[in-house]
Amino acid sequence: LMVLPMCMAVSAAGETIPVESSWEILASSQMGTSVTNAFDGNVATNWHSDYKAEGGKVVSHDEAPFIVTVKFGKDMEVSGWRYTPRKDNEAGTILAYNIYASKDGENYTKIFTGTFDYATKSKADFTPSEASWGAYTMKAIKIVVTNGRGGYGTAAEIEFLKGTSGEILKNGDTFKDSGDGLGENTDETLRQGEAEIRRRLGSDIDASCGQLRRKHAQSITEA
C-alpha cells in the first residue's frame, strides 16, 4: 500500500481517477518495488520489469507477459487508462496489452485488448497514450503487458479514467486470481500481441510471483 496526494486532473477524454492510499498495487515483475513509481504522479520515476545486469550489461531478464494489478478495495467505475512511457529510454515501452477486470476481486474477465504506437518512435517523440473501453464497474484491474520494446516492460505513469466512451470486449476469456493478486491464467492467452497462443499451466508458474519466468542470456546494455 502507498500514500499519495489526492488530486484530480481532467483529460480531453474524461476525468483522471485520483490514486487512493487504500489501493493495493502489485506487479508480477519489477525492480525492487518500482511498480509504485508508476502511480506517484512523477514522470521522472518509473516501473521496470526485473532484469539482472553484470558488468554494465543485461545478462537475463523476465519475459512477457508482465502483469500490473490494482485492487481498489471497493467498486470503482473505470472506463479507460492513460499510459505515460519513460522518456530516458525506449526499452520496455508498452506496445501491446490486455485489460482484465474483476467485479469481486477474484474472478477476472478480459474486457479490452490494445496496442500503442511506440515501436519505431524515439524517446524524444514519446507522449502519453489513452485507451477507453467505456464505463465498467470493478473492484480490481489487471494490465497484462504482452509486448514491450526490447522484451521489457516499463511505465513512467499509469492512470485510470472515468467518463470516457468505448466498447467492452465481448466473450473475453476469464480466470480466477491465484491468491497473490497477480493472477494465474490457465486459459489460452495471446502472447507478444500476435497470433501465437500458449497455455499457461500451473507447473510453469514461478511460485514467487505467479508468472512464467524464463530467463535467457543476452548482451544488451540497459541504458
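Modeller: Let's start at S49, in the loop between β4 (47–48) and β5 (51–54); strands here are DSSP E runs of at least two residues, numbered from the N terminus. This is a predicted model, where local features need pLDDT of at least 70 and side-chain atom pairs pLDDT 80 or more, while totals for chains, interfaces and linings use all residues. Residues are numbered from 1 along each chain as its sequence is written, and side-chain values use heavy atoms, with hydrogens and water left out.

S49 has a relative accessible area of 0%, so it counts as buried (under 20%, with a 1.4 Å probe and protein chains only). Leaving aside residues up to four places away in sequence, S49 touches S29, Q30, M31, F66, Y152 and G153 (contact means heavy atoms within 4.5 Å). Of those, F66 takes us to strand β7, which spans residues 66–84.

Look for Y83, which sits opposite S129 of β10. β10 also pairs with β8 (residues 94–102), again antiparallel, over eight bridges. In that pairing, Y100 has K142 of β10 as its bridge partner.

How values were computed. Pairing = 2+ DSSP bridges. Helix = DSSP H or I, 4+ residues; strand = E, 2+ residues; numbered from the N terminus. Buried < 20%, exposed > 50% of the residue type's maximum accessible area, 1.4 Å probe, protein only.
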